[in-house]
Amino acid sequence: YLLALRKINLFSMLLCVWAPCQAQSDTELPPGTPIIQLRLAGDKRKHYEGRVEVYYNGEWGTVCDDDFSIHAANILCRELGFVEAVSWSPSSKYGKGEGRIWLDNVHCSGRERTLAQCKSNGFGVSDCKHSEDVGVVCNQRRIPGFKFISSFTNSVESLNVQIARIRTSSIYSQRKRVPITEGYLEVKDGGKWRQICDEEWTEMNNRVICGMYGFPGEKGYNTKVYKLLAKRRKKNYWDFGVNCTGNEASLHGCKLGHKVELKGNATCEKGMPVVVSCVPGRAFAPSYNQGFSKAYRVEQPLVRLRGGANTGDGRVEVLKNGEWGTVCDDSWNLKAASVVCRELGFGSAKEALAGGRLGQGMGPVHMNEVECSGFEKSLTECYFNRDALGCSHEEDAAVRCNVPAMGFQNKLRLSGGRNPFEGRVEVLAEKNDSLVWGTVCSDSWGTMEATVVCRQLGLGFASNAFQETWYWPGDVRADDVVMSGVRCSGTEMTLAQCLHHGKHLHCPRGGGRFAAGVSCSESAPDLVLNAQVVEHTTYLEDRPMYILQCANEEHCLSSSAATATPSSYRRLMRFSSQIHNNGQSDFRPRAAHNSWVWHDCHRHYHSMEVFTHYDLLSLNGTKVAEGHKASFCLEDTQCEEGTEKRYECANFGQQGITVGCWDTYRHDIDCQWIDVTDVVPGDYILQVVINPNYEVAESDYTNNIMKCRCRYDGHRIWTYNCHIGERR
């Protein structure tokens, strides 16, 4: 048993933790220098940024932005243990503080050891208001060996714990289990890693730790094993406890607990070092294999995320009465966002985003003024105002969730590109019992595969997929193809989850110059069809064949039209299409202007040969009639108030759809129809699919499809119950 224990490689969730600090050594300061402590405060901030607050004379106060400079910001950040400042912000960017304004007209040379040494009007001498509170952004890197020194131990429980970096290692060295879910918790103070005594440790603390590591919950562990191992380890306890409420997004939001009396081996006599054990979400359950057999798909019935570039990011959508809708950002906060994240199998929320930051949804706004305690199992359990009056999709709420560290980005790289967002795709694969870098066969390589690559590397959305990469000179040692036959659905977290040939490679063109490549982008367009416009504009028209010759040349009629006489009629199901760009970047054709195809009959260019598919389906899904629409003119027909049109087709201008604008194909133009001449009366489904071949990358393809119920009696046609995407 003891032999087996020796083989256990205990992991440590290694956290660098510090509290609001003063200069590292008071003995270095000139006599008479005021003793102060600093902290960063405010809402919607990271732990390395915030409103500057000073503790002096037993009271916390703020600093005025008058005469503040980057020199003062540098002094302040170094005093907090960061290497330097990145920037500073005037005018209470992080919210208005309370209490005294301790410092005004602060002048620092950059050589001071503490903000208290800088020239100012003097403590408490200020003519400022809290609307002038200054804020700073510090470099995330910590000063090596920085030691927290507290001069005000009586106030320590009001101070926050802060987190700088995390390091984990597997519990079982003989098994490559990913992610790591259990182990000792240690904090780094004064350059040394220290354990935390568990005598006052609570389940709420566990909940916060697990949440920040991307896990929705915590669980018990084998205490006998850890007690035995603790006896064999040299212990070096930290001299503070931690006090969390359970709703903090990470440990740096928790308060410091009681000061621990250090008594050598007698420290923490009634306890042992803290151990944290977490429950992973279903998509991140530990695997004994290096790969995953199935792609990640959220299977929650009531809440989903849409429009996010990375796993755990997205606009929040809720299912109500069979229809997906959005959540208004009024009162949206981290508590509500964390409920969403945990419900979907992630950890706590890193950010609660407002203002349609991850794209605007369509359809109803189901929830407004959401208020959660933070402990609900589902967002639908939170209190909310059912009246969304005044809420538009410009106010759609979104989240960014903490997800487990899976190490996916270490198994893929982009090589040879001009910047980190582009290049030849190279994969780390096993070959002859060793790991080698190699290329991916570009046969059938497309936007969906590029989407997965960009997601795996955390580089946002796919911008382009390339089947030739001779212009990107990669590592010649990685020219050999190690992956072929790749087919992705677009929902996978890694390229390895996509269908591929496995060990039996087949790539006739080989790698090298024909290897697959991608370019990624931080934003993407998102096209959505207005379902109501289709429903309200559908009608039948009988049109003579002799005036449909151009449409026939462009394959806009059914196959029976090829043998039709010029005097015969075709029955056309006409409707208008209004296509909105609700994404974060403009929708542009993939083909360059000089490669657009000229159609002489209609006398216009096609920037995309297939822009939409129009299909009439039987109730069991069989296609009974079809149509398609080439994009002869992608332009901004109309825009939301305040948005300017950028694209106009006149005079062979640039084509596209601007964010916040829409392109309307009216019912009375050629090919804006389905030829139903050969369709018998009955009940059908009208299906419209935008960008069906995924020629242009988008942030969300699930809303590119629209379906309507149809009834055709041989003379008239009705469309009803039109909706976007799949419906329950």
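How many of the ten residues of helix H3 (residues 203-212) are buried? I took this as the opening entry of the notebook.

**Basis.** I worked from a predicted model, in which local features need pLDDT of at least 70 and side-chain atom pairs count only at pLDDT 80 or more, while totals for chains, interfaces and linings use all residues. I numbered residues from 1 along each chain as its sequence is written, and side-chain values use heavy atoms, with hydrogens and water left out.

**Helix H3.** I found eight of the ten residues of H3 buried, so the helix is largely enclosed by the rest of the structure. Buried here means under 20% relative accessible area, exposed means over 50%, and partly exposed lies in between (1.4 Å probe, protein chains only). Helices (H or I, at least four residues) and strands (E, at least two) are DSSP runs, numbered from the N terminus. The buried residues of H3 that I listed are Asn205, Asn206, Arg207, Val208, Ile209, Cys210, Gly211 and Met212. I noted that Gly214 follows H3 and has a positive phi, near 95 degrees.

I looked up Ser92, which has a phi near 50 degrees, a positive value in a residue other than glycine. I placed Ser92 in the loop between strand E5 (85-89) and strand E6 (100-103). Ser92 is buried, with a relative accessible area of 15%. I then turned to Glu369, which is not a glycine but has a positive phi of about 50 degrees. Glu369 belongs to strand E19 (residues 365-371), and I recorded it as partly exposed, at a relative accessible area of 31%.

**Phe346.** I located Phe346 in the loop between helix H5 (334-343) and strand E18 (349-353). Phe346 is buried, with a relative accessible area of 1%.

**A three-stranded sheet.** I traced an open sheet of three strands in the order E29-E30-E38, with antiparallel pairing. Strand E29 (539-544) and strand E38 (673-675) stand at the edges, each with a single partner strand, so one side of each is left without a neighbour in the sheet. The twist averages 35 degrees from one strand to the next; axes are lines fitted to C-alpha atoms, for helices over the stretch in contact, and angles run from 0 to 180 degrees between N-to-C directions. Two strands pair if DSSP finds at least two bridges between them. I noted six bridges, in the antiparallel sense, between E29 and strand E30 (residues 569-574). Met573 in E30 is the bridge partner of Leu540.
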